[in-house]
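Morning, everyone. Let me put today's model on the screen and walk you through it.

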Amino acid sequence: MNLSARAKRLTYLIHRWTGVAACVLMALWFVSGIVMLFIGYPKLTPWERLQAMPALQAQHCCVSLEQVLAHSSAPDKVQEIVLTSVRNQPYFRLREGKGNYLLVDARSGALAPTMDEQLALAGARAFVTKADAHYLGTVHEDRWTHARSLDPHRPLHQVQMDDADHTLLYLSDSTGQVVMDAPRAQRMWNYVGAWLHWLYMFRDKPVDPVWSWIVIVLSAFGTLTAITGTLAGIWRWRFRGRYKSGARTPYREAYLHWHHIIGLSFAAIIFTWIFSGLMSMNPLGIFDARGEKPNSAAYRGVAPGAMHLSLSAAQAITLLNDAGFRANEIEWRVLHGRPYLLARNAANATRLIVAEGGRYQVRERWGDAELLQGAAQLLHAPIRDHQVLEHYDTYYYGRQQEAMMGAAERRLPALRVRFEEAHQTWVHLDPFTGDIESSLDQAQRTGRWLFSFLHSWDLPPMLQAGAWRDAILILLSLGGLALSITGIVIGWRRLRVWFGQHHRAH
């Protein structure tokens with residue numbers, strides 16, 4: 001047997017036995033992928049969170065910021081100051097330099113009481129009104145709360161609501177606010193959706209290397225199955241002429257016959273989906289940022305605890321009301337050493353309050369020049385160029401709520417800043433908030449293509465296609481499912497033969 005024949009035989013054997021092991025898993029991935037088009041993993045979006053809050057009132061509000069900051073052991077290092085609502089009452093939420101939260105009553109200036117069952121129930125009833133609530137206790141993490149963004153809020157208080165959606169709420173032990181809502185239908189669908197697709201039954205904590213390597217190994221296994229199957233299918237297909245049966249495939253048995261035809265028809269999409277699933281895990285950190293990460297502290301210039309507008313909370317609320325903006329939340333911020341307020345309403349629309357010409361003004365957004373002054377501090381490298389994005393592009397775009405990144409804010413216009421450095425870092429800035437919305441170097445942009453594009457078809461024109469995109473993805477997924485089902489039947493028959501031979505041998 002020559003080298004070419006040996007290589008072919010090895011390819012057939014690899015596909016035969018890896019296919020036996022992988023076909024069930026791949027069938028589950030295709031089914032769960034279809035579900036994920038319409039039902040996302042539970043998440044609390046900014047607009048959902050804000051809609052559940054009352055508008056802030058200027059009457060009887062609020063104690064001075066100095067009185068609030070006095071509760072911190074290092075006021076000048078406080079990274080976050082937000083006037084928000086907890087249990088429908090105004091509170092200041094502080095985040096200290098070490099990442100822990102402090103909650104201060106905005107009317108009395110006293111620290112909020114420690115979270116307990118009664119406070120959790122009150123917070124839940126404020127979030128879902130006109131429904132009874134049942135306290136389930138605390139949980140550090142469960143199948144719906146793997147996100148690392150929840151780490152500062154753990155342990156989480158679980159409350160089951162008796163509303164029409166049977167919503168399960170998770171409240172922060174640190175702030176008392178709802179940080180996750182999961183209606184029953186969403187939870188049930190997720191068992192055959194994201195929870196199954198991401199193999200979260202094997203995940204035990206937010207950073208779980210065992211789970212990561214299980215997914216990496218299984219995805220690599222599936223990729224190998226797809227590659228060897230494609231090669232075997234091409235080698236056995238008669239592109240010229242036909243077999244004695246009159247078909248271009250040598251297989252007469254129905255499941256083998258259709259496995260061959262479907263496999264060749266859907267080979268490209270099956271390979272790209274499995275391979276991109278592998279890339280989603282960033283194996284061996286191949287898509288990690290290579291160079292210097294943008295310095296958000298330098299972008300701000302100073303922490304808001306050390307520099308803030310002298311405008312009182314009541315004055316800020318009145319100023320916003322006079323401008324026709326009903327704020328549900330106000331945050332004290334700094335941009336390039338310039339303090340300002342960022343207000344959000346129930347729809348997550350925003351306004352800025354800045355000091356200009358000796359008085360305070362309500363503005364919709366920062367100017368490009370103002371943002372660029374701060375952006376120049378992000379990296380120890382000069383700005384190569386910048387561009388105002390009036391439309392979504394390949395690297396800055398919004399996703400529907402069901403998507404994994406569906407809660408991310410992606411407003412337009414946005415400012416893209418590119419830096420003159422070895423790793424070609426791009427930063428996108430939101431002029432309506434002053435936020436750094438994303439940072440991508442060359443390695444991360446490569447990851448965007450090998451994962452997001454191949455796996456989710458998320459170029460803006462594709463996303464705009466809406467129902468057409470969904471229909472095509474469902475059709476292709478059904479093709480992959482049909483291939484997997486025929487593979488399951490073939491694999492089951494091969495195993496029966498193998499076990500039968502093994503049993504007779506003994």
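Which two cysteines form a disulfide? Cys 61 and Cys 62 do, with their sulfur atoms 1.4 Å apart. A disulfide here is a pair of cysteine sulfur atoms within 2.5 Å. By that rule, the count is one.

A word on ground rules. This is a predicted model: local features need pLDDT of at least 70, side-chain atom pairs count only at pLDDT 80 or more, and totals for chains, interfaces and linings use all residues. Residues are numbered from 1 along each chain as its sequence is written, and side-chain values use heavy atoms, leaving out hydrogens and water.

Back to the cysteines. Buried means under 20% relative accessible area, exposed over 50%, and partly exposed in between, with a 1.4 Å probe and protein chains only. Cys 61 has 8% relative accessibility, so Cys 61 counts as buried. Cys 62 has 22%, so Cys 62 counts as partly exposed. Cys 23, at 6%, counts as buried.

Now the whole protein. Its C-alpha atoms fill a box of roughly 90 × 55 × 40 Å, taken along the principal axes. Buried residues make up 49% of the 506 residues. There are 15 helices and 15 strands. These are DSSP runs numbered from the N terminus: helices are H or I with at least four residues, strands are E with at least two.

Next, the inside. A nonpolar core is a set of buried Ala, Val, Leu, Ile, Met, Phe, Trp, Tyr and Cys residues joined through side-chain atoms within 4.5 Å. The largest one has 41 residues. Met 26, Tyr 170, Ile 269, Ile 270 and Trp 273 touch the most other members. Elements giving two or more residues to this core include helix H1 (3–36), strand S6 (168–172) and helix H15 (467–505). Apart from that core lies another, of 28 residues, among them Trp 332 and Ile 353.

Last stop, Lys 43. Where is Lys 43 placed? In the loop between H1 and helix H2 (46–51). Lys 43 has a relative accessible area of 14%, so Lys 43 is buried. What does its side chain reach? The backbone oxygen of Tyr 41, at 3.2 Å. The Lys 43 side chain also reaches the backbone oxygen of Gln 401, at 3.2 Å. Contact means heavy atoms within 4.5 Å. Leaving aside neighbours within four places in sequence, Lys 43 is in contact with residues including Glu 48, Asp 181 and Glu 402.

Conventions:
A polar contact is a pair of N or O atoms within 3.5 Å; within protein, one must be able to donate a hydrogen and the other to accept it, and residues adjacent in sequence count only if both atoms are side-chain atoms.
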